Amino acid sequence: MWQRIQTVFLVISIIALLVSLVMPIWSAIGHGETAESIEQSQILTPFYLTTTPPGQEAKVAVPSYMPYSITAMFAVAAITLSIIEITKYRARVTQMKIGALNSFFLVGVLLCSYYFSSQLSKSLIQGGGEYGPGMWLPGISVLANLLANRFIRKDEKLVRDSNRLR
């Protein structure tokens with residue numbers, strides 16, 4: 001199982017997603033649209049958005065879980081599918097199907113991250129904010145998943161060609 005390169009790519013995908021679950025997707029310390037949101041800080045993670053009211057310390061940060069936790073749900077589903085895909089190394093066709101499904105969940109993680117961070121940056125008067133590692137790590141996971149799927153297809157083609165020669 002570990003001697004196959006697609007397993008290595010799937011493990012890279014899992015690690016990138018696990019790290020992205022604990023890293024911020026987007027953060028901003030800036031001015032909001034209303035007078036009471038001036039000088040507030042916002043940190044978006046896959047699980048929640050933390051908003052610190054103006055002039056307050058981080059101890060009074062207010063978390064908002066929905067709809068931001070949808071990103072984490074997609075990421076956990078993608079991690080689970082990657083683990084299942086690794087264990088199905090003897091059934092390459094099943095692995096390819098799981099890999100295709102996993103691609104949809106990974107794209108869901110990327111789309112949710114982008115959508116929520118862009119909506120939050122639009123709510124700031126100055127705009128902007130900074131993208132964190134949680135925004136880019138799912139992209140690494142998508143690339144690793146695509147490479148794993150490519151090598152799974154290559155293995156399946158090799159097996160089919162060798163069966164035809166017998």
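**A chat about helices, a loop and a buried asparagine**

Guide: Pro-67 lies in the loop between β4, which covers 62-64, and helix α2, and since we are looking at a predicted model, please read what follows as a description of that model.

Visitor: Okay, and what kind of peptide bond joins Met-66 and Pro-67?

Guide: The bond that joins Met-66 and Pro-67 is a cis peptide bond, with omega at about 5 degrees.

Visitor: Let's step back a bit. How many helices and strands does the protein have?

Guide: The secondary structure comes to four helices and five strands, and if you read along the sequence, these elements follow the pattern α-β-β-β-β-α-α-β-α.

Visitor: And how much of the protein is buried?

Guide: Of the 166 residues in the protein, 42% are buried. The protein exposes about 9500 Å², and carbon and sulfur atoms supply 67% of that area.

Visitor: What share of the contacts comes from residues 24 or more positions apart?

Guide: If you take the contacts with a separation of 6 or more, residues 24 or more positions apart account for 63% of them.

Visitor: What about α2 and α3, how do their axes cross?

Guide: The axes of α2 and helix α3, which spans residues 92-122, come within 9 Å and cross at roughly 160 degrees. That angle makes α2 roughly antiparallel to α3, and the crossing of these two helices is left-handed. Among the residues in the contact are Phe-74, Ala-78 and Leu-81 of α2, together with Asn-102, Phe-105 and Leu-106 of α3. The residues of the contact of α2 with α3 divide into 15 nonpolar, seven polar and one charged.

Visitor: You mentioned Leu-106. Is Leu-106 buried or exposed?

Guide: Leu-106, which is found in helix α3, is buried, because its relative accessible area is 1% and buried means under 20%. Leaving out residues up to four places away in sequence, Leu-106 touches Ser-13, Leu-17, Ala-78, Ser-141, Val-142 and Asn-145. Leu-106 and Ala-77 are 29 residues apart in sequence, and their C-alpha atoms are 8.9 Å apart in space.

Visitor: Asn-145 is on that list. Where does Asn-145 lie?

Guide: Asn-145 lies in helix α4, residues 133-165, and with 1% relative accessibility Asn-145 counts as buried. Not counting residues up to four places away in sequence, Asn-145 touches Leu-10, Ser-13, Glu-85, Gly-99, Asn-102, Ser-103 and Leu-106.

Visitor: And Ser-103, what is Ser-103 in contact with?

Guide: Once its neighbours within four places in sequence are left aside, Ser-103 is in contact with Asn-145, Leu-146 and Asn-149. Ser-103 is found in helix α3 and is buried, with a relative accessible area of 19%.

Visitor: Back to α4 for a moment. How far apart are Val-142 and Leu-10?

Guide: Val-142, which lies in helix α4, is 132 residues from Leu-10 in sequence and 9.9 Å from Leu-10 in space, C-alpha to C-alpha. Val-142 is buried, with a relative accessible area of 18%, and apart from neighbours within four places in sequence, Val-142 is in contact with Leu-106 and Leu-110.

Visitor: Last one: is Leu-147 buried or partly exposed?

Guide: Leu-147, found in helix α4, is partly exposed, with a relative accessible area of 33%. The C-alpha atoms of Leu-147 and Leu-10 are separated by 8.8 Å, although the two residues are 137 residues apart along the chain.

Terms used:
Residues numbered from 1 in each chain as written. Predicted model: local features only at pLDDT ≥ 70, side-chain atom pairs only at ≥ 80, totals over all residues. Heavy atoms only, no water. Buried < 20%, exposed > 50% of the residue type's maximum accessible area, 1.4 Å probe, protein only. Contact = heavy atoms within 4.5 Å. Areas by Shrake-Rupley, 256 points an atom, 1.4 Å probe, with all protein chains shown as cover. Axes fitted to C-alpha atoms, helices over the stretch in contact; angles between N-to-C directions. Parallel < 35°, antiparallel > 145°, perpendicular 65-115°, else oblique. Left-handed = near helix turned anticlockwise from the far one by under 90°. Nonpolar A, V, L, I, M, F, W, Y, C, P; charged D, E, K, R; others polar.
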